[in-house]
Amino acid sequence: MQLWIVGIGAALAEFWWVAPAAAGAGAVGFVGVRRGRTTRARRLALTAAQRELQQARTDAVGARAAARVAQAELSRVDAERATGRARPDDVRAARRALETAQRAKAAAHATIRVARARVSAERAAVPARGTDPKHLPLARLMAAHDAIAARWMEYETDAARRLAFPALSDVRVPATAEFLRLEGIAREHRPASPTAPLTPEQFTAYRSAVDDAGRAFAVAEQEAWRLAGHRPHDAPADSAAPLWSVIASEAIARSVDGIARAAEGAASALDAYRSRRDGRDRDRPRP
């Protein structure tokens, strides 16, 4: 019995370091995972831009290959036309296909230039370590999305704006309907919170949806101003609040003035009716 106790004590004395080492390894692993998540969150926009550039380069390779194939096809059709085996319509169709392929190649190269510029911008904008989470790329993108929705809600909830620019509340207006459709797509791509784990591809899809919704809102706002009888390029930015306030006040004044004129007209008609009725009563012989 004593030998057994002595054996256990010797084992504990030999391997006393195992438990502290395991606990330390777990703590180090947790810190490493947390730091890795923070780094990915800070560099999410840059990683997404780099993936976008890589995809643009891949698409450009395919576009160049398609253009070479279209050029070879046009040469073949030209040769067959010389021997009478191809019609002029075949040549025109091959030429149109080549033009389409060349435009696609030019667009692919332009996309590469845009993607390179985005990578440079995102690399310069990577937040430093310890940055407030609300300044991380996903949080900034969600804030931009909220700003677009808030600008539209101002036209919905402010009585003056709603009266002055009713087109932004009317889904029958094509520009307004398109904005609402694209804003709905952005909502579908929106993550649950600014700290939600997101892949670079998901971030790119959400960013593209927010950009599309922002452009659509600008078009819908300009169209609403045009339908209200004002110049579309005067549509208010954030610093042009006094301008829309004046226009909205004018719209309210016109509405109030119209109601007053209608009331005056109704009162005049009633007075004229009473006068004619009183005159008939005086002319009527008494029994």
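Helices α7 and α8 cross at roughly 160 degrees, with their axes coming within 8 Å. Angles over 145 degrees count as roughly antiparallel, so α7 runs roughly antiparallel to α8. Keep in mind that this is a predicted model.

**The α7–α8 pair**
- The crossing of α7 past α8 is left-handed.
- On the α7 side, the residues that meet α8 include A175, F179, L182, I185 and H189.
- Their partners in α8 include Y206, V210, D212, F217 and E223.

**The nonpolar cores**
- The largest nonpolar core holds 28 residues, and L138, F179 and F203 have the most contacts inside it.
- Helices α3, α5, α7 and α8 each give two or more residues to this core.
- The top contributor is α8, with 9 residues.
- Setting aside neighbours within four places in sequence, L138 touches L44, P191, S193, P194, A196, L198, F203 and Y206.
- There's also a second, separate core of 10 residues, with A56, A108, A115 and V119 among them.

**Helix α5**

**Helix α3 and what follows**
- Running from residue 44 to 82, α3 has 39 residues.
- From first C-alpha to last, α3 reaches 57 Å, close to the 57 Å expected at 1.5 Å a residue.
- Just after α3 comes G84, which takes a positive phi of about 85 degrees.

Terms used:
Residues numbered from 1 in each chain as written. Predicted model: local features only at pLDDT ≥ 70, side-chain atom pairs only at ≥ 80, totals over all residues. Heavy atoms only, no water. Helix = DSSP H or I, 4+ residues; strand = E, 2+ residues; numbered from the N terminus. Expected span 1.5 Å × (residues − 1). Core = buried A, V, L, I, M, F, W, Y, C linked by side-chain atoms within 4.5 Å. Buried < 20%, exposed > 50% of the residue type's maximum accessible area, 1.4 Å probe, protein only. Contact = heavy atoms within 4.5 Å. Axes fitted to C-alpha atoms, helices over the stretch in contact; angles between N-to-C directions. Parallel < 35°, antiparallel > 145°, perpendicular 65-115°, else oblique. Left-handed = near helix turned anticlockwise from the far one by under 90°.
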